[in-house]
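Subject: Structure handover

Hello,

Here is the structure for you to look through. My notes follow below it.

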Amino acid sequence: MHEERIPIRWRDMDAYGHVNNAVYLTYLEQARDAWVQGLLGSVSDTWDFVLAHVGIDYRNQLTQQDGEVTVRCGLASFGRSSVRTREEIRKADGTLAAEAESVVVPRDPDTDRSRPLTQKERELLEDELAG
């Protein structure tokens with residue numbers, strides 16, 4: 001699984017003194033984008049994708065005092081034209097703050113529509129699953 005350490009910023013906080021629920025999605029996005037680019041190549045290297053679905057379960061609140069989080073992202077499965085990830089956010093002490101599942105879809109930039117995974121992409125994903 002890919003892992004990112006992300007500092008909790010003051011701007012991430014809401015009026016109740018904890019990290020706003022929408023910011024959790026930003027943390028997940030940062031790790032997911034790094035994982036996708038590390039495995040399949042950056043947008044400039046031809047891998048263009050869109051987020052089609054994200055489901056998140058909030059397990060524990062995060063506060064400024066937590067300092068930073070560790071966000072992990074890895075491959076759960078893939079289909080003809082989609083990639084499903086499993087993701088989690090943990091506090092520095094290892095406490096699970098949130099777990100999520102996302103679906104990303106490769107996009108054809110010329111048509112702005114989804115496209116099937118290429119054979120090379122499928123091979124890279126198969127290698128990752130075998131990991």
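**The hairpin and its neighbours**

Strand 3 and strand 4 make a hairpin, with four residues between them. The model is predicted: local features need pLDDT of at least 70, side-chain atom pairs count only at pLDDT 80 or more, and totals for chains, interfaces and linings use all residues. Residues are numbered from 1 along each chain as its sequence is written, and side-chain values use heavy atoms, with hydrogens and water left out.

Helices (H or I, at least four residues) and strands (E, at least two) are DSSP runs, numbered from the N terminus. Two strands pair if DSSP finds at least two bridges between them.

Strand 4 covers residues 83-91 and pairs with strand 3 in the antiparallel sense, over nine bridges.

Buried means under 20% relative accessible area, exposed over 50%, and partly exposed in between (1.4 Å probe, protein chains only).

S81 sits in the loop between strand 3 and strand 4. Is S81 buried or exposed? S81 counts as buried because its relative accessible area is 19%. Contact means heavy atoms within 4.5 Å. Neighbours within four places in sequence aside, S81 is in contact with V105, P106, R115, P116 and L117.

W10 lies in the loop between strand 1 and helix 1 (21-40). W10 is exposed, as its relative accessible area is 73%. From W10 to V69 is 59 residues in sequence and 14 Å in space, C-alpha to C-alpha.

**The chain as a whole**

The chain has two helices and six strands. Their order along the sequence is β-α-β-β-β-β-β-α. The C-alpha trace spans about 45 × 30 × 25 Å along its principal axes.

Of the 131 residues, 40% count as buried. Among contacts with a separation of 6 or more, 66% are between residues 24 or more positions apart. The chain exposes about 7,400 Å², and carbon and sulfur atoms supply 44% of that area (Shrake-Rupley method, 1.4 Å probe; for residues, only the protein chains shown count as cover).

On charge, there are 16 positive and 24 negative side chains. Lys and Arg count as positive, Asp and Glu as negative; His and the chain ends are not counted. The centres of the two sets lie 2 Å apart, with each charge placed at NZ of Lys, CZ of Arg, CG of Asp or CD of Glu.

Best wishes
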